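The notes follow in the order in which I worked.

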Amino acid sequence: MSHTVSAELVASVLRVHVTVGQSVTAEDEVVLLESMKMEIPVLAERAGTVLEVVARPGDVVRDGDPLVVIGEVR
C-alpha cells in the first residue's frame, strides 16, 4: 500500500530532497516549499521507499496536490 505526501497550501517547490527508490523514515524532509517568502519543509508521514516524485523544483502546487508517493518499507 502506498501513501501520497501532498501539499497543504499554495506554494512553489524550491527543492526535492528524495529520489525514486530512496528509503525514508517518518519525519524525513522530502520537499521544501516556498510561500510568501517563507520556506516550508514537507515531511514524510511514515517510513517507506519513494515510489514516485511528482513535484519538480519551480512547480507551483496547490492544497492537495501530490508531491511524493511513498510505498511500504521493503
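I began with the terms: I count two strands as paired if DSSP finds at least two bridges between them, and the strands themselves are DSSP runs (E, at least two residues), numbered from the N terminus. The model is predicted, so I kept to its limits: local features need pLDDT of at least 70, side-chain atom pairs count only at pLDDT 80 or more, and totals for chains, interfaces and linings use all residues. Residues are numbered from 1 along each chain as its sequence is written, and side-chain values use heavy atoms, with hydrogens and water left out.

First sheet. I found an open sheet of 4 strands with antiparallel pairing, in the order β1-β8-β6-β3. Its edge strands are β1 (3–6) and β3 (23–24), each of which pairs on one side only. I then followed β8 (residues 66–71), which is joined to β6 by 4 antiparallel bridges and pairs with β1, again in the antiparallel sense, over 4 bridges. Val69 in β8 stands opposite Thr4 and is also the bridge partner of Glu52, while Gly71 in β8 is the partner of Thr49. With buried taken as under 20% relative accessible area (1.4 Å probe, protein chains only), 5 of the 6 residues of β8 are buried, so this strand is largely enclosed by the rest of the structure.

Which strands does β4 pair with? Strand β4 (residues 29–35) is joined to β5 by 6 antiparallel bridges, and β2 (residues 11–16) pairs with β4 in the antiparallel sense over 4 bridges. I noted Leu32 with its bridge partner Pro41 in β5, Glu34 opposite Glu39 in β5, and Val13 with its partner Leu33 in β4. I recorded β4 as mostly covered, since 5 of its 7 residues are buried.

Turn. β4 and β5 form a hairpin with 2 residues between them, and Met36 in the turn has a positive phi of about 55 degrees.

Loop. Finally I placed Glu45, which lies in the loop between β5 and β6 (48–53).

Key:
Buried < 20%, exposed > 50% of the residue type's maximum accessible area, 1.4 Å probe, protein only.
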